[in-house]
Amino acid sequence: GDHWADLAHRGDSSAGLLVIGLAGSPEDHPVVAGVATRLGELTLSASLLARLSEQRLALVIDSLSGAEELAVLVQSATAALAVPFDIGGEAVSVEAVVGAASSTPLDARATLLRDAEHALRRAIAQHRPWVLGSAADRLAPSGPFHEVRAGVGHGRLALRYQPTLDLRPVR
């Protein structure tokens, strides 16, 4: 709570946020602890690693040099989580998808979580391992109707029309 508020008001550097969506059995605490440890090792500038829900983790980067560093961090997180975890002598694989967003010192930091969550939803919908959110994404159409239209446009859905018939007797 306090950290989010502090991040929203800090204006001296860029900040980044990675939201990691886990699939499979994320309620398994040793697996989540392993994921958290690997994510924490990615950068020295990470200031907060939080569990948003059973299937989502967030990694906040306080001091980000720019979009290039965020792209490297997202790719590194994806690669690090692709390696199986040793849990009690057993190799356990985790399916993870990463969404990320950044803000410059002039941007509103309050939108970081929303933008990163939006990028994560896009990555899941597009079957991609990661997506970087951008300022242009805020202006792009979104929501369920847009996602259905995008699915139809990319051949992932077939759109069929059902005719409406009026079966009332004609007078």
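I began with helices and strands: they are DSSP runs, a helix (H or I) having at least four residues and a strand (E) at least two, numbered from the N terminus. T78 lies in helix α3, residues 67–82.

**Ground rules**

I noted that this is a predicted model, where local features need pLDDT of at least 70 and side-chain atom pairs count only at pLDDT 80 or more, while totals for chains, interfaces and linings use all residues. Residues are numbered from 1 along each chain as its sequence is written, and side-chain values use heavy atoms, with hydrogens and water left out.

I take buried as under 20% relative accessible area, exposed as over 50%, and partly exposed as in between, with a 1.4 Å probe and protein chains only.

I then looked for polar contacts. I define one as a pair of N or O atoms within 3.5 Å; within protein, one must be able to donate a hydrogen and the other to accept it, and residues adjacent in sequence count only if both atoms are side-chain atoms. The side chain of T78 reaches the backbone oxygen of V74 at 2.9 Å.

I also listed contacts, meaning heavy atoms within 4.5 Å. Leaving aside neighbours within four places in sequence, T78 is in contact with V98, P129 and W130.

Next I checked the length of α3. The expected span of a helix is 1.5 Å times one less than its number of residues.

I wrote down the buried residues of α3: L70, A71, L73, V74, A77, T78 and L81. Seen down the axis of α3, these fall within an arc of 165 degrees, so they line one face of the helix. The arc is that of the directions from the helix axis to the C-beta atoms. The face turned away from this buried side carries the exposed residues E68, V72 and A82. The buried residues of α3 pack against β1, α2 (29–40), β3, β4 (85–87), β6 and β7.

**Entry: helix α2**

I moved on to α2. Its 12 residues should span 16 Å at 1.5 Å a residue, and its end C-alpha atoms are 16 Å apart, which agrees. I found V31, V32, G34, V35, R38 and L39 buried in α2. They cover an arc of only 160 degrees around the axis, which puts them on the same side of α2.

I picked out G34, which lies in α2. G34 counts as buried because its relative accessibility is 16%. G34 and P84 are 50 residues apart in sequence, yet 9.9 Å apart in space, C-alpha to C-alpha.

**Entry: the strands**

I used this rule: two strands pair if DSSP finds at least two bridges between them. Strand β1 (residues 14–23) runs antiparallel to strand β6 (residues 95–103), with nine bridges joining them. G21 has V97 as its bridge partner in β6, and L17 has A101. On β3 (residues 56–64), β1 pairs in the antiparallel sense over seven bridges. There, V19 stands opposite A58.

Which strand does β6 join in parallel, and over how many bridges? It is β7, over three bridges. V98 stands opposite W130 in β7.

Nine of the 10 residues of β1 are buried, so β1 is largely enclosed by the rest of the structure.

**Entry: the cores**

I define a nonpolar core as a set of buried Ala, Val, Leu, Ile, Met, Phe, Trp, Tyr and Cys residues joined through side-chain atoms within 4.5 Å. The largest has 21 residues, and L18, I20, V35, L39 and L57 have the most contacts inside it. The elements giving two or more residues to this core are β1, α2, β3, α3 and β6. Helix α3 gives the most, with five residues. Apart from this core lies another, of 13 residues, among them L17, L112, A119 and V131.

I looked up I124 in helix α4. I124 counts as partly exposed, because its relative accessibility is 42%. I124 touches R56 and V97, not counting residues up to four places away in sequence.

I ended at H127, in the loop between α4 (112–125) and β7 (130–132). H127 is exposed, with a relative accessible area of 67%. Phi of H127 is near 55 degrees, a positive value in a residue other than glycine. Most residues other than glycine have a negative phi.
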